[in-house]
Amino acid sequence: MEPLRYLLVLGACLAITAPLEWVIGARVYRRPRRLALTLVIAMTPFIVWDLVGIGRGHWDFSSRYTLGIDLGGVMPLEELLFFVVIPICALLTHQAVLRLGARVWPRGRLAREAAEAGAIASLASEAEQGAPRA
Amino acid sequence: MPEYTLLTVLAIVVVVLLDLVVVRTRLLATLGFWLALAIMWGFQIPVDGWLTRLDEAIVRYDDQHFSGVRVFLDSPIEDFGFGFAMVLATLMVWTVLARRERSSIEHAGPSAD
């Protein structure tokens, strides 16, 4: 089990946040194109930073707790997956906060932010204009 | 200043400037961002701690390349700055893409996500 430890930590992150998509309706996994593009654009600089950190000896990884699959001989597979898993958790959390906030306080600040972010159809403006949206 | 500390400060400055001045997503001015960040920092304590705890470290930090300040489960304090920059960068790009999709939908008529 020990070599699986880093992978299991990431798996736990995905498992804990999954209900945000499937129960609260965050709609992150259901926008695969936007998600993929976000990961590539936003994470590239952080992966470069990580490689710089590895190269300059800022940190390294225990071979005991990783699978031993080192990409390019330097970055454990799990470390690359970190830059997929953690931003997904961030997006799910943010979308869920906006959706829940809009549900609890339909005319509150979070509802306004949710509508601006496209996390919900614009509830308040619908109510004001009496114009239902498909 | 140790390099990890320096890079963390630099990353924070860059993402904050991008959000407020350059890209103008202005997530830092929203309640939703700070609530989400508070929740994520709460989870970062055990998750990052599980990676950094000194007795069974998965990721091992060289003490001379960061401030030396370890918090909670031996996490370098810089990790929370790294997390902040990473989260803000992610939400910023998502927001830009969402806006772009919406404006192209408004111009081209209804379409799927």
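A:Leu77 counts as partly exposed, because 15 C-beta neighbours lie inside 10 Å; a residue is buried with 20 or more other C-beta atoms within 10 Å of its own, exposed with 12 or fewer, and partly exposed in between, the C-beta atoms being placed from the backbone. The model is a predicted one, in which local features need pLDDT of at least 70 and side-chain atom pairs count only at pLDDT 80 or more, whereas totals for chains, interfaces and linings use all residues. Residues are numbered from 1 along each chain as its sequence is written, and chains are lettered from A and ligands numbered from 1 in the order in which they are written.

A:Leu77 belongs to helix H3 of chain A, residues 77-104. Helices (H or I, at least four residues) and strands (E, at least two) are DSSP runs, numbered from the N terminus. Apart from neighbours within four places in sequence, A:Leu77 is in contact with A:Leu67, A:Ile69 and A:Leu71, where contact requires C-beta atoms, placed from the backbone, to lie within 7 Å. A separation of 9.0 Å is found between the C-alpha atoms of A:Leu77 and A:Leu7, which are 70 residues apart along the chain.

Chain B contains 3 helices and 3 strands, arranged along the sequence as α-α-β-β-β-α. Its C-alpha atoms fill a box of roughly 60 × 25 × 20 Å along the principal axes. Of the 113 residues in chain B, 36% are buried. Among contacts in chain B with a separation of 6 or more, 63% join residues 24 or more positions apart.

Between the chains, 34 residues of chain B are in contact with 36 residues of chain A. On the chain B side, at least two residues each come from helix H1 (3-22), helix H2 (31-52), strand S1 (59-61) and helix H3 (78-108). H3(B) gives the most, with 12 residues. By class, this side of chain B has 23 nonpolar, 5 polar and 6 charged residues; Ala, Val, Leu, Ile, Met, Phe, Trp, Tyr, Cys and Pro count as nonpolar, Asp, Glu, Lys and Arg as charged, and the others, Gly among them, as polar.

Strand S1 of chain A (residues 59-61) pairs with S1(B) in the antiparallel sense over 3 bridges, pairing being assigned if DSSP finds at least two bridges between two strands. A:Phe61 stands opposite B:Val59 of S1(B).

Technical notes
Contact = placed C-beta atoms within 7 Å.
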